[in-house]
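Q: I'm new to this one and would like to go through it slowly. Could you start with any term I'll need before we look at particular residues?

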Protein chains: 2
Amino acid sequence: MQTWPFRGSKGTVKVANGQLHKLAYSSEALGGLTTEFNVFLPSSASSSKPAPVLFYLAGLTCTPANGTEKGGFFNTAEKHGIAIVLPDTSPRGAKIEGEDDAYDFGSGAGFYLNATKEPWKKHYKMYDVVVRELPDKLKSSDLPLDLGRTSIFGHSMGGHGALTIYLKNLIAGPNAESTGPLTYRSASAFAPISHPSAAPWGHKAFEGYLEGGIEEGKQHYDAVELVSRIPQEKKESVKILTDTGDADDFWKKGQLRPEELVEALSNNGVDNENVIVRMQEGYDHSYFFISTFAPEHIEWHAKFLNA
Amino acid sequence: MQTWPFRGSKGTVKVANGQLHKLAYSSEALGGLTTEFNVFLPSSASSSKPAPVLFYLAGLTCTPANGTEKGGFFNTAEKHGIAIVLPDTSPRGAKIEGEDDAYDFGSGAGFYLNATKEPWKKHYKMYDVVVRELPDKLKSSDLPLDLGRTSIFGHSMGGHGALTIYLKNLIAGPNAESTGPLTYRSASAFAPISHPSAAPWGHKAFEGYLEGGIEEGKQHYDAVELVSRIPQEKKESVKILTDTGDADDFWKKGQLRPEELVEALSNNGVDNENVIVRMQEGYDHSYFFISTFAPEHIEWHAKFLNA
């Protein structure tokens, strides 16, 4: 792992009494491209007391900077001694034709899946980055992180990523064919794309990146579909929290569909005190919404990460 | 007052259970140019219970968006029922030659003073905007703000603005020749330019904007100079809190000079429990530093605004 200059001056910056590290590595999963990510380390973290890790997956058009600068995460993370890892949202610089033509496909829009279709499949494997490669890099680094205690949250496309990564792992267990080495204790999301196989953004991503199109997406990368497959013996352990604003234009346009997440949870009888799907009056899709509820989400994850 | 579209969609956005308004007006003080500003209204504010007002002045290169998006102000402001008003840092679009040539002079660098030198004096009057015109506009608006209870804080150049506006008002009283209608209860600052007449940024601004150069700046717009003029009977009522990081490159380069603020306070015998000038280990000049200490600053102002 190499440390890159942070904001042109330093590899790390102090925030909330902890340290923010801007890092990057050359990614095999992304076909050799360099991928950047940020890590917030609370002041309590040390080699003898490594911190539990909360992954934050950002939404369409974002880089690791958005959640870092606008999320309002770090004071609460410091309070509970939690590290936050913020990956990028796509490969960068793959030089595929059309990669930079739309805000919702290609650069900034990796959808946290593994592409199976040409010309994307060589580079667009953000699922592998988040679930396998980045955790391995973190484990082999000297950062004092306890990857035996991890949770995941995200916004919009990143909410989709957090929910699907959590659910696949919950259902198949760690180190299955389709999962990575981590066990996620909890997942939360702001305005997640909950049912991408029924939404325009999801259709575009699945048809563009996947050889099997929407059907393949439905099988592997759709929270509503995955919820319906949670087996009986695991229902009590499900820990999902989502918030969506009712002034969110993307909700109004049918991109998010939290109602169908509620329906799927209900149909499969997934119901315990830690399954919480909420609408929030008056909030839109912006980081103003995220920064409002981020402290509560982090507190909620802290209960499980520090248990 | 006109309401402008907020982020291309709405004039207001919900944040921290309150409302953020993006507003603008045509400014006489700025020679007829339109100036933008943001207002956060806590949910407790109503016409029968208007909220006290904390002004936030941003630093070089900033717009009202920086503090709004990265400051981490609103959850704490909501908790204490405080409104936050965020003006711009300079006129925009004056079309003066050289206006956009440097980050530390012209656009984004109004220095919260009234220019007296050609060609700047027609437009560059951010002091008047912040102390007179904007308060009048707010009073005549239908926003539920209690301008009888105000305080002011800021960052870097805006920390200089907050301290000098507060000190001039404290010394001369409201509605004096050099002050506006408000009485500020407290002032705080992150990394303020504390002694501009002894610093490169201050020299450039004073020599560029003021007919009388550094001497005129020293007389009117220098916190260290103003502190030396606080009269005996007002010393007990002084309320100043500043934080500066010791990893701040601008502090190392002598732009901020908080040591000389401490010396001036000490020399004039200004010392009570609400005169607090701190260095903070390891912090730089960024919004990561601001967002770390902003909740504490807002809590501190709340004591006086809600007294």
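A: One term first: helices (H or I, at least four residues) and strands (E, at least two) are DSSP runs, numbered from the N terminus. With that in hand, B:S156 is found in the loop between β7 and α4 of chain B, and please keep in mind throughout that this is a predicted model.

Q: OK, what is phi like at B:S156?
A: Phi of B:S156 is near 60°, which is a positive value in a residue other than glycine.

Q: And is B:S156 buried or exposed?
A: B:S156 counts as buried because it has 26 C-beta neighbours inside 10 Å, and the cut-off for buried is 20 or more.

Q: What about B:F111, where is that?
A: B:F111 sits in the loop between β6 and α3 of chain B, and its phi is near 60°, again a positive value in a residue other than glycine. B:F111 is buried, since 31 other C-beta atoms lie within 10 Å.

Q: Which peptide bond is cis in chain B?
A: The bond from B:E118 to B:P119 is cis, with omega near -5°, and B:P119 is in the loop between β6 and α3 of chain B. In chain A, the peptide bond from A:E118 to A:P119 is cis as well, with omega near -5°.

Q: Let's move to helix α3 of chain B: how does its span compare with what it should be?
A: Helix α3 of chain B covers residues 126–140, and at 1.5 Å a residue its 15 residues should span 21 Å, while its end C-alpha atoms are 20 Å apart, so the two agree.

Q: Where does α3(B) bend?
A: There is a bend of about 35° at B:E133, and a proline, B:P135, follows within four residues.

Q: What do the buried residues of α3(B) pack against?
A: They pack against β4 (34–41), β5 (51–57), β6 (83–86), β7 (145–155) and α4 (157–172) of chain B. The buried residues of α3(B) include B:M126, B:V130, B:E133 and B:P135.

Q: Switching to chain A, where does A:M126 lie, and what is it in contact with?
A: A:M126 lies in helix α3 (residues 126–140) of chain A, and, leaving aside its neighbours within four places in sequence, it is in contact with A:S90, A:G110, A:Y112 and A:L113. A:M126 is buried, with 28 other C-beta atoms within 10 Å.

Q: Which residues touch the most other members of the largest nonpolar core?
A: That core has 184 residues, and those touching the most other members are A:A83, A:I84, A:V130, B:A83, B:I84 and B:V130. Apart from neighbours within four places in sequence, the contacts of A:V130 are A:F55, A:L57, A:P87, A:Y112, A:G161 and A:I165.

Q: How many residues does each chain bring to the contact?
A: The contact takes 21 residues from chain B and 21 residues from chain A. On the side of chain B that touches chain A, the largest share, 4 residues, comes from α10(B), and by class that side has 9 nonpolar, 6 polar and 6 charged residues.

Q: Last topic: what rotation superposes chain B on chain A?
A: A rotation of 180° does so, with 0.0 Å of shift along its axis and an RMSD of 0.0 Å, and that is the relation of a two-fold axis. In chain B, the C-alpha nearest the axis belongs to B:K70, 2.6 Å from it. The same surface serves both copies, as 100% of the contact residues of chain B recur in chain A.

Methods:
Residues numbered from 1 in each chain as written. Chains lettered and ligands numbered in written order. Predicted model: local features only at pLDDT ≥ 70, side-chain atom pairs only at ≥ 80, totals over all residues. Core = buried A, V, L, I, M, F, W, Y, C linked by C-beta atoms within 7 Å. Buried ≥ 20, exposed ≤ 12 C-beta atoms within 10 Å, placed from the backbone. Contact = placed C-beta atoms within 7 Å. Expected span 1.5 Å × (residues − 1). Bend = angle between axes of the 7 residues up to and from the residue. Nonpolar A, V, L, I, M, F, W, Y, C, P; charged D, E, K, R; others polar. Least-squares fit on C-alpha atoms with pLDDT ≥ 70 in both.
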